[in-house]
Structures are given as C-alpha cells and as structure tokens.
Amino acid sequence: MIYTITTNPSLDYTVETDLVLGQVNRTQKEAIYPGGKGINVSISLQRLGQKTMALGFAAGRIGQTIRDLLDDLGCPHNLLELSGGGQSRINVKLNGPVETAINGHGPNLGEGDMARLLELLREVGPEDAVVLSGWAQSIPFYVSILQQVVATGCTAVLDCSGEALWQCLGCRPFLVKPNLTELGALFGVEDLDVSEGVELARQLQHEGARNVLVSMGKNGAFLLTESQELYFASACIGKARNTVGAGDSLVAGFLTGLGQPGDFGRALQMGVAAGCATAFNDWLGTKEETMELLEQVHVEKA
C-alpha cells in the first residue's frame, strides 16, 4: 500500500481567463478538483493501477466536498475531520497568458489532530510506502511523521521545500523530490545548471537524504541514488498546458516504476512519463497517456 499524507488539502477552482486587473473578468473554461500534493499523488497512483490511501485532514462543508470528489474518482481516503472546526481551503488556479495561483491558508491543526493521524500511521509496515508532501503548517509534526514511518522500514518519500525539508533530512527519508528551483533556494543559489544541481543533491545526501530526485520541467529530471549512481531522463515533446500536479505525478510514476528495489532507471522513466502526461493535460494524466509517452523518455546513466 502507498499512503499519502496531505495535512492541508484544498478544493481547487481552476479557470481559463484572460485576466485584466480592475475589471470584471469572464471565464472561458472552469473546473473543480480535489487538491493538495499528497492527494494528487494518490489520484495519480490510483490511475496507474496502484493501491493507495490518501490520509490527512479536512474541515467543514468544503472538506466534505473534497471527500465526495475523491469518492467520485474512486480514490480511497481517510481525511480526518479537524477538531477545531472551520473550513478547508479553496485554491484558485488561473490559466491564461501567465499561469497564476491564489492559494488559501486553511485551518490550523491542533495537537489532538496530529495525534490521531500518527495513530492511523501505526498500520504502516516495511512493505508499504508513505509520501509526505506539501506545505508544512507544523514542521515538528512533519518530523514526527517521518520519524515514525521511517522506523517501520517503509519507503518514505518527502516532497516539501524550505525549512521543512531541512529539518526532515535528519530522519533519512528514502527519497526527497525538490525541483531545481527549490533545490537552489535551499542553498541560496539562483539559476542552477544541471551540474550544480547534482552537486547540491549530494549535499542533501550529506544532510541525510538517501536518494534525491530533482525535476527540471521541460529539461526532464535527474536521480542521484544512495549508491552514487546518477541517472538523467529527458522530457517528452509536447505542449505544456498545466504544471499543477506534474511533480506529484512524477512521484506517483516513480513509485509505480520502482517494482523491484534498485530498479531506478525504470522508475525514473515512468516518473517522467507520468509527469509529462499531466503537464500536457488539463489535470492529472491517465495511465493510458503515461504509457503512450513512456518510450519518449530516454534514460542515461552517467
């Protein structure tokens, strides 16, 4: 089972519009999706045929709508109702000449809420994987989650940025997945080239990461393994329509392709294909779209 954790899920209102500030704008197209990085990973995993469970929190009627949408999609979930009340957040994604997002804050987590999620994670065993991703409202809570799941021997995946990533590295997650910009920001470096990115990935390993997967948008991705094997994967050729969720689909595809421990080349190929399938789509890509792109992804071992 692959568990994903989204501590602050959202209802994503996605619109296409030629936004003009200070005027009434009309949408050309709109859609509503369940959102949050872990939820995106679970939906992508479910579409790729993997057993998954989306864990996390939801609040109020908006939270119930998120659960209902996941039910409609056939994605298993256990989103705990927050004890403090309130409403789960709504994010607005504007697709126009420039892609823009307005993300809500969402309700705060209480100590009791955190304890209930940690209790759910007692079901995790060494044969499972756990993906912890998204903005950390409480960095100590993220550390507690990772400490607990890593101790089980499961495959622990971390996809967050900034101070939360730094603080969690000491837990020695199996995989971390920053994008190239996030990787540079960790070290105060802008406009990284690939060789610089590889060196900073090694620095993350020195801090505790075991394997480092770095997404590079239209330039594909690279993977630095625990045994210092370095893989590069090209991106597919196509028109990017949506970047929201592409990195989450990359994680889902990677875990899908990692059928056997150490099969990193296949995992990277599947991950990049799944990420491109989402980037070329209005929303998260399907298994059929991923498999159609798979042979376009060329993986080289340095």
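**Cavities and pockets in a predicted model**

Trainee: How many cavities of 30 Å³ or more does the count come to?

Mentor: This is a predicted model, in which local features need pLDDT of at least 70, side-chain atom pairs count only at pLDDT 80 or more, and totals for chains, interfaces and linings use all residues. Residues are numbered from 1 along each chain as its sequence is written, and side-chain values use heavy atoms, with hydrogens and water left out. On a 1 Å grid over the protein atoms alone, a cavity is a set of points where a 1.4 Å probe fits but cannot get out; grid points are joined across faces, edges and corners, and a volume is the space filled by probe spheres set on the points. By this rule, the number of cavities of 30 Å³ or more is 3.

Trainee: Which strands each supply at least two residues of the lining of the largest cavity?

Mentor: The largest cavity holds about 80 Å³ of space. Lining residues have an atom within 4 Å of a point, and here they include Asp12, Thr14, Lys93 and Asn95. Strands are DSSP runs of E with at least two residues, and helices are runs of H or I with at least four, numbered from the N terminus. The strands asked for are S2 (10–16) and S6 (89–95).

Trainee: Which helix gives the most to the lining of the second largest cavity?

Mentor: About 50 Å³ of space lies in this second largest cavity. Helices H1 (37–47), H9 (264–279) and H10 (287–294) each supply at least two residues of its lining. With 3 residues, the one that gives the most is H9.

Trainee: What is the volume of the largest pocket?

Mentor: A pocket is an open set of points with protein on both sides within 12 Å along at least five of seven lines. The volume of the largest pocket is about 720 Å³.

Trainee: Which element contributes the largest share of the lining of the second largest pocket?

Mentor: The second largest pocket has about 460 Å³ of space and is lined by 24 residues, with Lys37, Arg89, Asn91, Lys93 and Asn103 nearest its centre. H1, S6 and strand S7 (100–102) each supply at least two of the lining residues. The largest share, 4 residues, comes from S6.

Trainee: Is Lys239 buried or exposed?

Mentor: Lys239 lies in the loop between strand S13 (230–233) and helix H8 (246–257). Buried means under 20% relative accessible area, exposed over 50%, and partly exposed in between, with a 1.4 Å probe and protein chains only. Because its relative accessibility is 69%, Lys239 counts as exposed.
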